[in-house]
Amino acid sequence: MFDVGALELLVISVVALIVVGPERLPKLARTAGLWVGRARRAFSSVKEEIDREIKAEELKEILRKQAESRPLDTILEETVSSRPAAKTGAPSSAEAATEAADGSARPDRRPDNPSESSSPIAEPPQDRS
């Protein structure tokens, strides 16, 4: 933004020393530093607020485009309507939840006791000597 080099800073400090005097120069430098810090903080907070607003607008635009292109209700309806046609015997998550709540789950789907399951890997018999 401002291109201030070492020579310019030297010229400014010499002029300030001559105009203000050596007694009041430290107080002036401290006050100037406080004002510069406040200005930087204000500028930073405004910049962050603008960035947040831009991101919020971008998010709103993305959500609006998604809602226009394919709403969630349509996706859910298509999924539910195509589910009975492609029934494979495995229960859907909604059916499994209903069966678990009713207690009407079929025993051939998932045994309560893992030792009752028919595993393809046979366990060796235990020796009881």
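## An arginine and its partner

R52 is partly exposed, as its relative accessible area is 48%; buried means under 20%, exposed over 50%, and partly exposed in between, using a 1.4 Å probe and protein chains only. This is a predicted model, in which local features need pLDDT of at least 70 and side-chain atom pairs count only at pLDDT 80 or more, while totals for chains, interfaces and linings use all residues. Residues are numbered from 1 along each chain as its sequence is written, and side-chain values use heavy atoms, with hydrogens and water left out.

The side chain of R52 meets that of E49 in a salt bridge, with N and O 2.7 Å apart. The term salt bridge stands for a side-chain nitrogen of Lys or Arg within 4 Å of a carboxyl oxygen of Asp or Glu. Both R52 and E49 belong to helix α2 (residues 25–69), where three residues, about one turn of the helix, separate them. E49 is also partly exposed, at 37% relative accessibility.

## Other salt bridges

The count of salt bridges comes to four. Side chains of opposite charge can pair when their charged atoms come close. E57 and K60 form one of these bridges, their closest N and O atoms lying 3.9 Å apart. E57 and K60 are three residues apart in helix α2, so about one helical turn separates them. E57 is partly exposed at 46%, whereas K60 is exposed at 53%.

E68 and R64 also meet in a salt bridge, at 2.6 Å from N to O. Being four residues apart in helix α2, they too are separated by about one helical turn. E68 is exposed, with a relative accessible area of 56%, and R64 is partly exposed at 38%. A network of salt bridges links E61, R64 and E68.

## Helix α1 and the residue after it

Helices are DSSP runs of H or I with at least four residues, strands are runs of E with at least two, and both are numbered from the N terminus. Helix α1 covers residues 6–20, and its 15 residues should span 21 Å at 1.5 Å a residue; the end C-alpha atoms are 21 Å apart, which agrees. The expected span is 1.5 Å times one less than the number of residues. Just after α1, G21 has a positive phi of about 100°.

## Aromatic rings

The charged end of R38 sits over the ring of W35, 5.4 Å from the ring centre. This label requires NZ of Lys or CZ of Arg within 6 Å of the ring centre and within 35 degrees of the ring normal.
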